[in-house]
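Colleague: I am new to this one. Please walk me through it, and keep it brisk.

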Amino acid sequence: MTNKSMKKSIEITAVDDEMANRAYALWLLNEFRALGFESRKAFVNVVMDYLPELNSFQGGCRLNNFWASREFGLSEELEKVLEHLKNS
């Protein structure tokens, strides 16, 4: 059983580009969680505010899927949002 407050480091050596993209997306999600985004709803709402191109039903679905680790094609856009949040 792990304590929720315990932080663990995990190292992954990706075998191909697809696995590298998935690992990076998971890292991004972890960074959002580290900033205090503990709920999917808060994450989706803030990202939609920063990225108007994702402020739609389909964009919301993509963000929900990213949160659930089923969408890996948003990393570039979400990296920009993350940097903006960290710098503000």
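Modeller: Let us start with terms. Buried means under 20% relative accessible area, exposed over 50%, and partly exposed in between, with a 1.4 Å probe and protein chains only. Helices (H or I, at least four residues) and strands (E, at least two) are DSSP runs, numbered from the N terminus. This is a predicted model, where local features need pLDDT of at least 70, side-chain atom pairs count only at pLDDT 80 or more, and totals for chains, interfaces and linings use all residues. Residues are numbered from 1 along each chain as its sequence is written, and side-chain values use heavy atoms, with hydrogens and water left out.

Colleague: What pattern does the protein chain follow along the sequence?

Modeller: The protein chain has four helices and zero strands. Its C-alpha atoms fill a box of roughly 35 × 30 × 25 Å along the principal axes. Read along the sequence, the pattern is α-α-α-α.

Colleague: What share of the residues of the protein chain count as buried?

Modeller: Contact means heavy atoms within 4.5 Å. Among contacts between residues at least 6 apart in sequence, 58% join residues at least 24 apart. Of the 88 residues, the share that count as buried is 27%.

Colleague: Which exposed residues sit on the face of H2 turned away from its buried side?

Modeller: In H2, Phe-43, Val-44, Val-47 and Met-48 are buried. Seen down the axis of H2, they fall within an arc of 125°, so they line one face of the helix; the arc is that of the directions from the helix axis to the C-beta atoms. An α-helix has 3.6 residues a turn, so residues three or four places apart point the same way. The face turned away from the buried side of H2 carries the exposed residues Lys-41 and Asp-49.

Colleague: Which helices are included in what covers the buried residues of H3?

Modeller: The buried residues of H3 are Gly-59, Gly-60, Leu-63, Phe-66 and Trp-67. They cover an arc of only 120° around the axis, which puts them on the same side of H3. Exposed Phe-57 and Gln-58 are on the face turned away from that side. The cover over the buried residues of H3 includes H1, H2 and H4.

Colleague: Why is H2 called oblique to H3?

Modeller: Axes are lines fitted to C-alpha atoms, for helices over the stretch in contact, and angles run from 0 to 180 degrees between N-to-C directions. Angles under 35 degrees count as roughly parallel, over 145 as roughly antiparallel, 65 to 115 as roughly perpendicular and the rest as oblique. The axes of H2 (residues 40-50) and H3 (residues 57-67) come within 10 Å and cross at roughly 135°. That angle makes H2 oblique to H3.

Colleague: Which residues in H3 does H2 meet?

Modeller: On the H2 side are Arg-40, Phe-43, Val-44, Val-47 and Met-48. They meet Gly-59, Gly-60, Leu-63, Asn-64, Phe-66 and Trp-67 in H3.

Colleague: Where is Val-47, and which residues does Val-47 touch, not counting those up to four places away in sequence?

Modeller: Val-47 is found in helix H2. At 1% relative accessibility, Val-47 counts as buried. Its C-alpha atom is separated by 9.3 Å from that of Gly-60, 13 residues apart along the chain. With residues up to four places away left out, Val-47 touches Phe-32, Leu-54, Leu-63, Leu-78 and Val-81.

Colleague: At what angle do H1 and H4 pack?

Modeller: H1 covers residues 17-34 and H4 covers residues 75-87. Their axes are 10 Å apart, and the packing angle is about 25°. That makes H1 roughly parallel to H4.

Colleague: Is Ser-75 buried or exposed?

Modeller: Ser-75 is found in helix H4. Not counting residues up to four places away in sequence, Ser-75 touches Asn-21, Tyr-24, Ala-25, Leu-28 and Phe-66. At 10% relative accessibility, Ser-75 counts as buried.

Colleague: What is the phi of Ser-69?

Modeller: Ser-69 lies in the loop between H3 and H4. At 35% relative accessibility, Ser-69 counts as partly exposed. Although Ser-69 is not a glycine, its phi is positive, about 60°.
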